[in-house]
Amino acid sequence: MIATAIAFSRYYIALLFGMTIAASFAGMARTKKNYIVVGGYTVFVFLIQLLCLWNFGMDMTLKLYPLICHFPIALFILIYLKRSWLIALISTFTAFLCCQPPRWIGTMAGLILHNVSMNHIGYNVTAILFYFFLQKYAVKSVQHLLERSMKSCLLFGAMPTFYYLFDYSATVYTDFMYNGSRAAVQFMPFLTATFYFVFVLLYYSDTQEQARIQRERDMLDTQLKQAQTEFALLRRMQQNAASYRHDMRHHIAFLQRLAFEGRVEEIKEYLNTARSDIDAITPVRYCENEAVNLILSAYAGKAKQAEICLTIDAKLPDVLNFSDTELCSLLSNALENAIQACEKILDKSKRLIRLRLYAKNNKLCIDIRNIYQSEPIFREGLPISSKEEHGLGTKSMAHIVEKHGGAFQFSVKDGWFIFQAVT
């Protein structure tokens with residue numbers, strides 16, 4: 001009687017262990033309500049198993065076990081926890097794999113002590129200890145892998161799934177594992193090694209991709225900070241211009257005194273110096289938007305120094321649905337790329353950049369085109385560069401346009417490289 005009770009306790013502990021671990025892997029919150037529901041559900045499923053055992057015997061019950069145990073666990077995760085079929089199945093198969101260490105330890109305890117009840121007791125004790133170990137060290141990591149992406153879920157679940165299929169096909173439905181053939185003995189080491197190396201390779205590839213994305217994100221953050229710094233400098237230049245205009249009365253008074261004294265040459269020299277200073281710090285007014293005026297003035301000066309003909313047609317209102325730093329990053333990257341492309345052209349008469357900005361239906365419309373020396377290369381619609389860490393400017397531009405729900409296009413036509421965006 002005691003041996004029978006111990007045996008049945010092992011079957012219930014196995015069910016409860018698998019159920020709680022599978023639900024935890026699927027993301028079940030550790031609340032009193034959930035534990036009560038799981039406990040009640042496992043009692044219900046265990047009664048179904050006992051009914052099958054009573055009517056069909058042990059052999060048939062073992063063959064029906066996927067249907068009367070594992071399928072209800074997956075169904076619970078699907079319906080009660082509202083997870084996908086993929087997560088439900090892989091959580092169940094992974095929990096089944098987690099049942100193997102307690103099973104092996106129980107088997108070893110029974111063999112050493114020559115007692116079947118010690119097999120069951122060893123299983124029960126190990127399952128309870130292993131449950132707390134998994135809850136503390138494994139559950140959160142498994143949840144992250146299952147919910148991260150479908151690829152990650154499939155990658156993680158491949159080994160548990162194949163082990164589950166192999167275990168039932170080779171030990172329950174056939175005697176392949178126990179017929180003593182070399183193929184049966186060597187199959188699991190082969191499968192384990194194969195999945196190990198596949199997992200390592202795919203995990204490494206995924207890690208590298210995540211590292212690349214993080215590097216690009218860090219570089220884009222750096223570019224944005226640089227744009228903020230550059231825009232702050234432009235703002236300071238505007239303030240200097242305002243201060244210079246404020247001090248104009250002092251200049252006029254000084255010039256009046258020179259004129260009264262008849263010092264004409266000094267007046268001319270002073271006027272030339274003042275005009276140069278004013279030109280250097282005063283942004284050209286291209287449109288109503290002051291931020292755009294600052295940016296365009298700065299790059300018009302860069303283009304002039306590089307002996308590039310930059311024509312600007314800007315018709316924008318004072319207020320746009322962009323922050324100043326976003327405008328700076330968007331226009332600065334586009335104009336910087338255009339200037340760098342034109343600087344490579346040996347014939348200075350062919351260094352041309354045309355910029356058109358206008359608003360239509362509350363949308364910012366951009367058309368920037370430049371002559372180029374080398375044919376640009378495109379990948380996934382974006383121009384790429386062979387130089388390391390280059391090409392991030394175009395990604396930053398694309399990110400800003402997409403952030404505002406707009407559309408963009410990079411293209412070439414008749415020797416012109418063209419960037420167009422509506423957002």
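In what order do the 5 strands of the open sheet sit? They run S1-S2-S3-S7-S6, with mixed pairing. This is a predicted model, where local features need pLDDT of at least 70 and side-chain atom pairs count only at pLDDT 80 or more, while totals for chains, interfaces and linings use all residues. Residues are numbered from 1 along each chain as its sequence is written, and side-chain values use heavy atoms, with hydrogens and water left out.

**The sheet**
- Strands here are DSSP E runs of at least two residues, helices are H or I runs of at least four, and both are numbered from the N terminus.
- Two strands pair if DSSP finds at least two bridges between them.
- S1 (309–315) and S6 (407–413) are the edge strands, each pairing on one side only.
- S1 and S2 (residues 352–360) run parallel and are joined by 7 bridges.
- Lysine 315 has tyrosine 358 in S2 as its bridge partner.

**Helices on the sheet**
- Helix H11 (residues 290–305) lies across S1 and S2, at about 170 degrees to S1.
- Helix H12 (residues 324–343) packs on the sheet and touches S2, S3 (363–371) and S7 (416–422), where contact means heavy atoms within 4.5 Å.
- The direction of H12 makes about 15 degrees with that of S3.

**Cysteines**
- You'll find 0 disulfides here (cysteine sulfur pairs within 2.5 Å).
- Cysteine 98 has its closest cysteine sulfur in cysteine 99, at 7.2 Å, so that's too far for a bond.
- Cysteine 309 is in no disulfide either, with the nearest cysteine sulfur, in cysteine 342, 9.6 Å away.
- Cysteine 309 counts as partly exposed, at 40% relative accessibility.

How values were computed: Axes are lines fitted to C-alpha atoms, for helices over the stretch in contact, and angles run from 0 to 180 degrees between N-to-C directions. Buried means under 20% relative accessible area, exposed over 50%, partly exposed in between (1.4 Å probe, protein chains only).
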